[in-house]
Amino acid sequence: MSNVEIAGPGTPPDKPVRTTCPYCGVGCGVVVSRDADGACEVHGDRDHPANFGRLCSKGAALGETLDLEGRLLYPQVDGVQTDWGHALDEVAGRFRRIIDEHGPDAVAFYVSGQLLTEDYYVANKLMKGFIGSANIDTNSRLCMSSAVAAYKRAFGSDTVPNCYDDLEQADLVILTGSNLAWCHPVLYQRLLVAKKQRPELRYIVIDPRRTSSCDGADQHLALRSGSDGVLFSGLLSWLAEQGKVDEGFVRDHTHGLNEALGLARWYAPSVATVAGQCGLEVDEVRRFYESFASTERVVTLFSQGINQSSSGTDKGNAIINCHLLTGRIGRPGAGPFSITGQPNAMGGREVGGLSNQLAAHMEIDNPQHRDLVGRFWNTDSVATQPGLKAVELFQAVERGEVKALWVMATNPAVSLPDTNQVRRALAECECLVVSDYVAGTDSQADAEILLPALAWGEKDGTVTNSERRISRQRAFMPVPGEARPDWWIIAEVAKRLGFTGFDYASPAEVFNEHARLSAFENHGERDFDLSGLAGLSPASYAQLEPVQWPIVAGGTPRERLFSDGRFFTPSGRANFVPITPRPPARHTDLAYPLILNTGRVRDHWHSMTRTGKSPRLSGHIGEPFVTLHPRDAAGNGLRDGQLATVISTHGEAILRVQISDTQPCGQVFAPMHWNDQFASAARVGSLVNPVVDPLSGQPEFKHTPVRVMPYRAKWYGFLLTRCELVPRQASYWSKARRYGLWHYELAGELSPDNWAACAREQLCGSGDAAEWRELYDSTQVNYRAARIVDGRLDAVIIIGPDYRLPPRDWLTALFKKQRLEDAERGRLLRGTPPRGQEDAGAIVCSCFSVGINTLSRAIREHDLATPEQIGEALNAGTNCGSCVPELRRLIADVQAEPGGANAL
């Protein structure tokens with residue numbers, strides 16, 4: 001083995017460790033303390049400039065996700081556990097054979113925004129610099145590649161111009177295609193605090209759905225799905241018509257206004273035209289345009305609703321055009337701000353993780369850049385043309401053109417569009433290698449080689465957040481089993497392939513090389529510059545404080561860029577980009593009359609490999625669902641709480657129905673998170689069409705035609721049990737971890753001959769002695785049972801012919817008790833508490849586990865009228881604040897009840 005520093009102390013640290021959250025692109029600082037038993041407490045880092053101590057519900061629950069259950073701890077080759085030497089030899093040998101027989105483009109890496117920058121750097125160097133192919137792409141392609149392409153077209157570089165302080169210094173913040181309240185809660189709370197301190201700060205939400213981000217918004221534009229390009233083209237045209245142009249900025253610092261304005265006027269000639277195409281009222285559009293025009297400090301924050309489109313790049317440029325026209329860029333409180341979804345999507349962009357990039361924000365298509373990188377890496381094998389982007393990469397795997405694929409720290413069988421195609425590709429791949437920290441993911445089913453990587457808390461390196469701030473992830477856990485850092489695994493394979501330049505002994509050495517490359521022959525013509533960090537000592541790297549790039553040696557730190565009006569185009573001017581607004585690629589028809597929009601929920605993340613471990617996070621939403629407008633539900637024969645089958649031309653899923661008027665008519669919403677480990681048939685990615693933006697390659701996750709129909713089951717039920725299992729009789733199931741148990745929702749198309757025998761067979765161990773309480777009838781459709789061991793509730797199963805069953809929350813709470821009371825035993829099969837006991841209800845506030853019944857009761861009994869009053873009474877909403885919009889809606893619902901404060 002190499003002489004390598006493996007991150008991860010063997011004993012608990014004697015002082016708290018400052019590190020960075022592994023979830024979204026906000027990049028919050030966290031402080032982790034471990035006690036003598038190894039248990040971890042996680043708190044927000046008050047000194048970190050991204051969050052100043054605040055954490056969202058996911059970050060606050062990190063301590064519940066650090067066990068070794070389900071971990072991949074040892075290398076495996078062809079299904080057999082082995083040692084590292086053999087596993088690495090096999091990876092290198094199989095890749096070498098395919099490269100020699102079919103060329104470098106017959107192999108590929110698919111990597112992840114969950115990797116650290118050091119991991120990303122070594123992977124990109126190996127593939128693009130030494131194997132000689134650009135077939136390395138990342139799951140960040142799925143979330144922000146359209147923003148990258150838009151920035152590069154406008155600025156000549158992938159440069160995010162803003163910082164988080166701009167959200168607080170702006171007088172108008174536009175959230176477009178962003179449910180900031182759920183997807184980036186800490187930034188949303190920073191915005192709300194600023195608005196409370198400065199009531200003149202306004203924010204506008206542009207989203208087809210009425211999301212939690214609309215709570216407190218000054219305006220909500222519920223535009224037609226996919227019409228954003230028309231809205232912002234119309235804004236450009238209207239601003240010019242009204243004379244709201246920064247003439248000096250446009251003259252001295254931009255190029256191409258006439259062409260861009262000409263197309264905008266053609267496609268969006270009037271407010272009435274825009275309103276008609278966007279499905280809005282004329283007054284709504286005019287009010288939005290006037291707000292933008294009359295406010296100097298405007299930040300337009302955009303995310304997946306803009307990016308995840310077949311014209312996402314054009315939509316990004318339509319937004320940027322408006323900021324260039326008004327000169328609202330490079331100034332405090334102004335600019336077009338792309339907010340990223342993953343903790344190190346930005347770090348991946350810096351090292352060239354996308355298949356059309358070189359390292360350090362250099363371009364594969366630029367011969368000078370290829371020469372520079374080749375000389376720095378001392379190689380003549382630098383890739384000469386862009387590689388395959390994510391969707392086309394897996395299509396090439398299925399066709400047999402890519403024969404060896406290495407998947408790192410991601411789960412493409414769940415997260416990509418048209419996942420049935422992705423699974424066929426993985427199954428047919430000649431050589432599939434997967435390195436991950438968890439075992440048994442959907443993407444590992446057909447892997448020949450599995451490599452155990454370090455997880456958050458064990459690995460050591462850097463990440464970059466959405467405001468270009470580099471922060472350290474530090475180890476505070478011991479290394480389990482034979483897990484190793486990703487950068488080390490990649491470097492060892494590189495050496496076995498016969499390449500030099502991979503003799504790294506620590507992540508600090510990798511980072512230093514990364515920083516030196518950014519500065520190599522960089523005289524200010526490239527935006528990405530870490531020359532001020534090149535040559536860091538190991539001690540300085542270990543103590544590195546959060547810092548924003550560019551970090552120029554001898555230069556002054558800059559929070560925001562382009563304040564001097566100089567851009568990274570050959571002319572030094574920003575480009576107005578002419579765009580043609582285009583509708584989504586797929587249209588509804590009689591067979592598929594509804595539009596599917598996908599996204600995230602508040603308390604889960606990606607494919608749930610981490611958040612699925614947390615009982616706290618599963619308390620809010622624990623089952624995959626589809627949300628419909630009441631009219632669409634009625635038109636399709638669906639009722640709230642029923643199961644439904646959602647079908648597209650690519651696949652189908654079974655999801656629980658939620659009916660809400662926050663959902664626009666004609667559209668449905670389903671979250672992306674559930675996979676085969678947590679549900680039997682809930683992979684929403686299998687529904688999504690694989691159409692991509694022609695420039696960025698980003699898929700159109702926000703617009704797939706579907707139909708929704710009732711799922712016809714013979715029986716429905718739920719199971720609460722201390723042991724994890726696979727339900728044998730259910731054709732539909734989902735599971736969620738709760739405190740001390742697993743919660744299963746069930747439905748079946750066939751009934752067993754004997755429910756009592758079936759329940760005992762699945763829930764009892766051999767030689768097991770337990771008390772059973774049962775209730776069933778001769779139809780074998782109604783069955784209820786509770787299993788009690790030594791006075792402690794061990795399992796409850798309730799089956800019936802209808803999906804309307806007793807509440808689960810009181811029963812779930814009983815699993816925390818060491819011994820049941822007699823009154824509780826008597827109510828188990830009814831599923832309702834005895835007189836005098838409270839059923840807290842479904843969790844609303846995850847941070848403090850406060851249920852809806854507790855909240856409703858407090859609102860009624862104590863006449864609570866604001867979320868702040870609820871916080872004082874019950875703590876709900878006082879930590880991350882993500883539940884505050886739900887608290888506000890609950891207050892309104894209770895007050896509207898007969899006899900409530902607002903009842904007529």
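**Around helix α4**

Reply: Helices here are DSSP runs of H or I with at least four residues, strands are E runs of at least two, and both are numbered from the N terminus. Keep in mind that this is a predicted model, where local features need pLDDT of at least 70, side-chain atom pairs count only at pLDDT 80 or more, and totals for chains, interfaces and linings use all residues. Residues are numbered from 1 along each chain as its sequence is written, and side-chain values use heavy atoms, with hydrogens and water left out.

Me: Why is α4 largely enclosed?
Reply: Nine of the eleven residues of α4 (residues 145-155) are buried, so the rest of the structure largely encloses this helix. Buried means under 20% relative accessible area, exposed is over 50%, and partly exposed is in between (1.4 Å probe, protein chains only).

Me: Which residues of α4 are buried?
Reply: S145, S146, A147, V148, A149, A150, Y151, A154 and F155.

Me: And what covers them?
Reply: The cover includes β12 (298-302), α13 (304-307), α14 (312-326), β13 (335-338), α15 (345-351) and β20 (574-575). Contact means heavy atoms within 4.5 Å.

Me: OK, zooming out. How many helices and strands are in the chain?
Reply: The protein chain has 30 helices and 34 strands. Its C-alpha atoms fill a box of roughly 80 × 70 × 55 Å along the principal axes.

Me: How much of the chain counts as buried?
Reply: 63% of the 904 residues. Also, among contacts with a separation of 6 or more, 71% come from residues 24 or more positions apart.

Me: Which residues touch the most other members of the largest nonpolar core?
Reply: L231 and F288, in a core of 157 residues. Helix α8 (residues 228-241) gives the most to this core, with eight residues. A nonpolar core is a set of buried Ala, Val, Leu, Ile, Met, Phe, Trp, Tyr and Cys residues joined through side-chain atoms within 4.5 Å.

Me: What's F288 in contact with?
Reply: Leaving out neighbours within four places in sequence, F288 contacts I174, I204, I206, Q219, L221, L231, F232 and L235. Another core lies apart from that one, with 69 residues, including A123, I364, I470 and V493.

Me: What about the phi of F52 and R468?
Reply: Neither is a glycine, yet phi is positive in each: about 50° at F52 and about 70° at R468. F52 is in the loop between β3 (40-44) and α1 (57-60), while R468 is in the loop between β17 (461-464) and β18 (469-473).

Me: Is R468 buried or exposed?
Reply: R468 counts as buried because its relative accessibility is 0%. F52, at 47%, counts as partly exposed.

Me: Last one: where's P807, and what does P807 touch?
Reply: P807 is in the loop between β32 (792-800) and α26 (809-814). Not counting residues up to four places away in sequence, P807 touches F718, G831 and D839.
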